[in-house]
Amino acid sequence: MKHLIRFPGLETITVASSTSGVAHAGCWWCRTLITSALCFLLTHSLSIASGQTSARGVAMGEAYIGLASGVDAARYNPANLGLSGYRQTGIEIVGAGANISNNSFTLSDYNRYSGAFLTDADKNDILRDVPDEGLSLIADVEASALSLSVGSFVFSTSGVGMADASLSKDIIDLILNGNTLADTVTLTGSYIDAVAYVSAGLSYGTSIYRAGARQLAVGATVKYLRGLAVEQIVEQAGMVAMFETGFEGEGRLIARTATGGSGYACDVGAALRLNDDYTAGIRVENLLSSLSWSRNTEEHGYIFSFDTMTLENMTEDYIVSDDYSKAISGFRTHLPPVMNVGFANTTGKLVWAVDWEQGFRRAAGSSSKPRVSLGLEYRLLSYLPLRTGFSTGGNRSTALSFGSGVSLAVLYFDVAVVTGTSISPYSSKGLNLALSTGIRL
């Protein structure tokens, strides 16, 4: 009798256990090998971390396409720079944003399970919290300094890091509970992508049509990119075969990395001011992009194999494994294109906006699933706005956001925080903060 575990590209794994004690012991080895692969994924993928540096945008749930002006327009929709009322002269001194989050576990869950002995009920609760598509881990960090806005032009600089890793729910089940007798496990959706770079961009917007209050503008941002680091898993394959008298298997996990490169990216957008109160817009980020990696380009691998291992000989040297690193030739990567569509009410004490985000492929900083955001800003006092937002979908968790700021004379300072499905920080599935400060003339 033979049972197979196959995981080509970690896209599909099927485990069928035997009724013998040998197969059950073999499952311990399977969990050990899979856990080793996961440690490789996590330690490499989360070592670097794009978040938005506009605290106003983060506080409004990223529903900002129709509201962004000045330096923020360069980030969200450069076409806004062509609309009257959206141009500014000023300097953003510092902007920073960080998002380290997952789609399953809150701070409350972490405090409950960290360091605790997990009962069967705890394991069931953990598995219930993990969506069918698996556990998604996201780390985004962005910082900018001395971005300059003058009329229809913006010059901006920033450092960006993005990491996205996903672990199949069946992998987590296997690690928590093992492979029980007569059980079948299918593992799908494991994934990793990570990149970090600095950029210098020039944005411009211009009006191409005007009729009364109605105005149509187009714009673009062209960015020079200096690559800092990249890691991509390029090959994952393996098989474990179980027999009544023993089992055998082999597998590999290979990644390519680099620590230097250069390239470019281009964003384009259009904005329509319907009247004095409402604006709509569309932006495609990274419509064109390329990063050529040429420094310290390497391949890293973890390979294992074992042959005819049984309960009697499993303590001997039957598992052969090899970790290696070797230099490889340069390679090219592309930033993922993302489309945003937004509609906003722009006047009065209460302004609001609705945005739709759609990535065209899954990658760090992008999801092929749409995300919808709603943002509100209330100005009872002109110098002390109150902001909140709601967003759901994509590869991130449903979240509420909050923020405020102070605007005195030409100086401004904005802050934002993102929680989970309630105001309580214990409902947050990670850390998401942003701040920005500067001068508007």
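Which strand is the place of Asn286? Asn286 sits in strand β11, and this briefing on a predicted model keeps coming back to that strand.

**Backbone angles**

- Asn286 has a positive phi of about 60 degrees, even though it is not a glycine.
- With 7% relative accessibility, Asn286 counts as buried, since the cut-off for buried is under 20%.
- Glu62 also isn't a glycine, and its phi is positive too, near 70 degrees.
- Look for Glu62 in the loop between α2 (55-59) and α3 (71-76).
- As background, most residues other than glycine have a negative phi.

**Arg273, buried without a salt bridge**

- Arg273 belongs to strand β10, which covers residues 260-273.
- Arg273 is buried but makes no salt bridge.
- What the Arg273 side chain does reach is the backbone oxygen of Ser84, at 2.4 Å.
- Setting aside neighbours within four places in sequence, Arg273 is in contact with Leu83, Ser84 and Gly85, with Ala213, Arg214 and Gln215, and with Tyr278 and Thr279.

**The largest nonpolar core**

- This core has 13 residues, and the members touching the most others are Met162, Val195, Tyr197, Trp293 and Leu335.
- Two or more core residues come from each of β5 (153-167), β7 (191-211), β8 (214-243) and β11 (278-295).
- In soluble globular proteins, nonpolar side chains tend to be buried together.

**Aromatic pairs and a cluster**

- Searching the whole structure turns up five aromatic pairs.
- One of them is Tyr278 with Phe343, a stacked pair with 5.7 Å between centres and 10 degrees between planes.
- That pair links distant parts of the chain, with Tyr278 in strand β11 and Phe343 in strand β15 (residues 338-345), 65 residues apart.
- Phe343 also pairs with Trp352: the ring centres are 5.9 Å apart and the planes lie at 50 degrees, so this pair is tilted.
- Put together, Tyr278, Phe343 and Trp352 make one aromatic cluster.

How values were computed
Residues are numbered from 1 along each chain as its sequence is written. This is a predicted model: local features need pLDDT of at least 70, side-chain atom pairs count only at pLDDT 80 or more; totals for chains, interfaces and linings use all residues. Side-chain values use heavy atoms; hydrogens and water are left out. Helices (H or I, at least four residues) and strands (E, at least two) are DSSP runs, numbered from the N terminus. Buried means under 20% relative accessible area, exposed over 50%, partly exposed in between (1.4 Å probe, protein chains only). Lys and Arg count as positive and Asp and Glu as negative; His and the chain ends are not counted. A salt bridge is a side-chain nitrogen of Lys or Arg within 4 Å of a carboxyl oxygen of Asp or Glu. A polar contact is a pair of N or O atoms within 3.5 Å; within protein, one must be able to donate a hydrogen and the other to accept it, and residues adjacent in sequence count only if both atoms are side-chain atoms. Contact means heavy atoms within 4.5 Å. A nonpolar core is a set of buried Ala, Val, Leu, Ile, Met, Phe, Trp, Tyr and Cys residues joined through side-chain atoms within 4.5 Å. Rings of Phe, Tyr and Trp (its six-membered ring) pair if their centres lie within 6.5 Å; planes under 30 degrees apart count as stacked, over 60 as edge-to-face and the rest as tilted.
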